[in-house]
Number of protein chains: 2
Amino acid sequence: MSLVTVGTVAFDDIETPYGRVEKVIGGAATYISWAASYFYRDIMLVSVVGDDWPSDEIALLKSRGVDMSGLQIKKGEKSFFWAGRYHENMNKRDTLTTELNVLADFDPVLPEHYQNADFLMLGNLTPEIQMEVIRQMESRPKLIAMDTMNFWMDVAWDSLIKTLAEVDLLTINDEEARQLSGEYSLVKAARKIYDLGPKYLVVKKGEHGALLFHKDHIFFAPALPLLEVKDPTGAGDTFAGGFMGYLARTGEVNFENMKKALIYGSAMASFCVEAFSLDKIKNISEEELKDRLQAFKNLVHFET
Amino acid sequence: MSLVTVGTVAFDDIETPYGRVEKVIGGAATYISWAASYFYRDIMLVSVVGDDWPSDEIALLKSRGVDMSGLQIKKGEKSFFWAGRYHENMNKRDTLTTELNVLADFDPVLPEHYQNADFLMLGNLTPEIQMEVIRQMESRPKLIAMDTMNFWMDVAWDSLIKTLAEVDLLTINDEEARQLSGEYSLVKAARKIYDLGPKYLVVKKGEHGALLFHKDHIFFAPALPLLEVKDPTGAGDTFAGGFMGYLARTGEVNFENMKKALIYGSAMASFCVEAFSLDKIKNISEEELKDRLQAFKNLVHFET
């Protein structure tokens, strides 16, 4: 088993009611790889940075079992930069700045030893780039999972639909599921989204948890109520990383196993939001992870 | 064991994207009593109606084991009337009309045989009326539960705080928990609300489920994703009715038992929203209830 993950590697400026940080480490592929690395060590990253990207960060991910040979480093160019400010309730944020930089003409190239991976996680990027990565796979992965967002529904509908037809699992938030399907009921939305390609749908609801849909089955993973949510940045990617990392470790692609993967993803996301950037995600002990999983179990377990 | 329930008995006009109904049966005490009657048959209702209230409805509740001797029937007066319209997403509604009628000078009188009940459910009413009911109890119930809303925080803060000091369990929605406590984190909100009196807090999140807080314990009951939500009116009261009905049946007031009560309440609420008014709540078979409880279990159960 191996897991290829594609997505941004970025610098972020983040402002939340808990404070403000500048030029911190971020990006979907970064969060996904870090989170997955707690479950699995054969991860292969595909992304692009400028030569302003700290070599320490590359070394750190390597030390976590992440193959970085698919990371393009563009001489004389700058890494992708995003700045955002969260509202008081943390559910909404304003994007203050987006500097695409190296991402503007990102042309993903999968090293040969990536091309037969069993699991592929397509982080949020243009649907065209996501499709290009699928195209470069020599054999079809056991599972292709894709994250996307409302922005691509607005500006790149046709290529989004084309890419969706190639994937097995889609992760989006509840509003996006409604926009994509035209249905308010998530049960109805799932049925319409199956028709677009994905056999599995994960609906991320932030502080309200996540739902997994497959055929007529539904599973719900709660979000752990936390004392403090300091920075939601990367929570969705961290969730996807934990989810895919667990699937890659176990190698089983079915609804029953995905239930557990959903809980593992939720547990990782709950750590993510407790600190800015990757501060907590880079330092989770085995004991903490075990306790957190137990907390999730306690949260929903009842005797019948 | 016996359960006293206090609240409105009302006519409703309801408009949702699924249709419009006029002068249908509603009111907190109605929904609570009907839902509780699926679990327990020693229920005592306290409320007021005009002589326009259908005697059939009174007879129906009696046939469900609900003592109606605490229902005042005011000659020549009209029952409480509410008209509301739900938005497309069903999470928001506009009140179009509120005619207090008999409720304007409602002075609850507990029949003598009500005054030693073990469980007391105070449906949403002015905090003064809720307090008056507590005052009329001869012996202190094993559990006093209270529902309230943001409106009373805005217009009757002082009496709300006084009443809260006398209750064991508070049910409110997430926005209201935040308004009452001044804390965005529900974990912090719960701690502040304990200081106001309640030892248990139930936070209702509508389509996102419900949380039970007690000391450092948290339990989460999901909402069942439904194909269609036709009318959310009374869902919170139906939830409270199922919750209290289950507690009254089992007689145990503790966190472990309340977990199950929360699931039973959520199951009842999921039936409520599938039809207008009490249409579904009046006709749930044992088989349907059993299947629904199993659906809740399936929704959150995972192997570890």
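**Exercises: a sheet and a helix in chain B**

Nine strands of chain B make an open, mixed sheet in the order β5-β4-β1-β8-β9-β10-β11-β12-β13. Helices (H or I, at least four residues) and strands (E, at least two) are DSSP runs numbered from the N terminus, and two strands pair if DSSP finds at least two bridges between them. This is a predicted model: local features need pLDDT of at least 70, side-chain atom pairs count only at pLDDT 80 or more, and totals for chains, interfaces and linings use all residues. Residues are numbered from 1 along each chain as its sequence is written, with chains lettered from A and ligands numbered from 1 in the order in which they are written.

**Exercise 1.** Work out in which sense β8 and β9 of chain B pair.

*Solution.* Take β8 (residues 119-122) and β9 (residues 143-147) of chain B: they pair in the parallel sense, over four bridges. Then pick out one bridge: B:Leu120 has B:Ile144 in β9(B) as its partner.

**Exercise 2.** Find the buried residues of α7(B) and say where they pack.

*Solution.* First, the list: B:Leu186, B:Ala189, B:Ala190 and B:Ile193 are buried (20 or more other C-beta atoms within 10 Å of a residue's own, with C-beta atoms placed from the backbone). Next, the partners: these buried residues pack against β10, α6 (174-181), β11 and β12 of chain B (contact means C-beta atoms, placed from the backbone, within 7 Å). Finally, what follows the helix: B:Gly197, with a positive phi near 145°.

Note on methods: A residue is buried if 20 or more other C-beta atoms lie within 10 Å of its own, exposed if 12 or fewer, and partly exposed in between; C-beta atoms are placed from the backbone. Two residues are in contact if their C-beta atoms, placed from the backbone, lie within 7 Å.
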